[in-house]
Amino acid sequence: MTLHIETHGSGPIPLVMLHGWAMHGGIFAPLVDALRDRCTMHLVDLPGHGFSRNCGLSLQPTACARAIADVTPSAIWLGWSLGGLIALQAALDVPAQVRGLAMLCATPRFVSDSDWPQGRDPALVHRLASDLETDYHATIERFLALEVMGSPDPRAELRKLRAEVFARGEPDLRVLQEGIRVLDGTDLRADLPRLQADRSWWSAGRLDRLVHPSAMEWSAQASDGEFHLIAHAGHAPFLSHAQAVAQALLPWLETHA
């Protein structure tokens with residue numbers, strides 16, 4: 001049941017970092033290097049992912065957020081993609097542990113509906129769920145391709161993601177399926193006003209084709225948070241534009257640490 005958490009950096013700002021679906025904490029390496037002098041970073045391998053592959057904890061945001069909060073110090077939480085949903089849930093449920101919330105290419109609702117056209121087509125998520133049953137590796141490959149859409153150098157970014165995705169072993173199929181259900185069924189939009197004013201930071205890649213920047217800008221306004229747009233980045237700006245992300249993030253971190 002143990003979560004794998006690595007600590008990097010020696011700075012005075014505590015930062016818990018949560019990765020996206022099928023990945024692991026090691027994916028943040030370029031951003032860790034950019035922040036290590038100002039932050040002490042706790043990189044979590046989410047349940048079923050990376051070195052937490054055999055952890056039996058649920059990926060459901062409420063349970064997962066509380067489990068992480070129980071074993072990490074009070075800190076600012078940064079969540080990318082699926083990790084953003086868990087970080088947001090933690091900020092809502094255990095605010096004493098979450099000093100501030102940094103959302104990187106992440107929104108309170110992933111899929112679209114009649115009043116949320118900014119989300120992804122639910123058919124895409126349902127297709128991923130179905131394909132996981134029949135072709136595990138090809139499904140992950142398709143999702144990686146979606147993540148690099150819009151990147152200024154999609155081939156190079158895809159190579160990085162491919163190299164990382166299985167670097168700590170294959171993620172658990174059960175938890176990948178659970179993650180798809182989280183993406184499909186989680187909707188925290190109505191809870192955004194509960195976030196403390198000015199305690200959230202939202203950063204989008206302008207070229208992101210998986211999480212639309214307009215959805216993040218709307219979320220920042222709904223939570224009275226701060227919004228940044230990384231001009232030439234896609235869904236994984238910490239890979240292609242780590243310095244730009246750090247430059248946008250650090251002033252906010254310094255203010256809220």
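This is a predicted model: local features need pLDDT of at least 70, side-chain atom pairs count only at pLDDT 80 or more; totals for chains, interfaces and linings use all residues.
Residues are numbered from 1 along each chain as its sequence is written, and side-chain values use heavy atoms, with hydrogens and water left out.

**The core**

Select Ile68 and Trp77 to begin: these residues have the most contacts inside the largest nonpolar core, which has 89 residues. Such a core is a set of buried Ala, Val, Leu, Ile, Met, Phe, Trp, Tyr and Cys residues joined through side-chain atoms within 4.5 Å. Then select helix α3 (residues 82–93), which supplies eight residues, the largest share of this core. Helices (H or I, at least four residues) and strands (E, at least two) are DSSP runs, numbered from the N terminus.

**Aromatic pairs**

The whole structure holds four aromatic pairs. Rings of Phe, Tyr and Trp (its six-membered ring) pair if their centres lie within 6.5 Å; planes under 30 degrees apart count as stacked, over 60 as edge-to-face and the rest as tilted.

Select Trp21 and Phe143 next. Their ring centres are 4.8 Å apart and their planes stand at 65 degrees, so the pair is edge-to-face. Trp21 sits in the loop between β2 (13–18) and α1 (29–35), and Phe143 in helix α5 (residues 136–148), 122 residues apart. Trp21 is buried at 1% relative accessibility, and Phe143 is buried at 3%; buried means under 20% relative accessible area, exposed over 50%, partly exposed in between (1.4 Å probe, protein chains only).

Move to Trp80 and Phe238, an edge-to-face pair with 4.8 Å centre to centre and 80 degrees between the planes. Trp80 belongs to strand β4 (residues 75–80) and Phe238 to helix α9 (residues 237–240), so the pair ties together parts 158 residues apart in sequence. Trp80 is buried at 0%, and Phe238 is buried at 0%.

**Helices α4 and α5**

Finally, select α4 (residues 122–134) together with α5. Their axes come within 6 Å and cross at roughly 150 degrees; axes are lines fitted to C-alpha atoms, for helices over the stretch in contact, and angles run from 0 to 180 degrees between N-to-C directions. The two helices are therefore roughly antiparallel, a class for angles over 145 degrees. Among the α4 residues that meet α5 are Leu124, Arg127 and Asp131, and the α5 side includes Tyr136, Arg142 and Phe143, where contact means heavy atoms within 4.5 Å.

Key. Angles under 35 degrees count as roughly parallel, over 145 as roughly antiparallel, 65 to 115 as roughly perpendicular and the rest as oblique.
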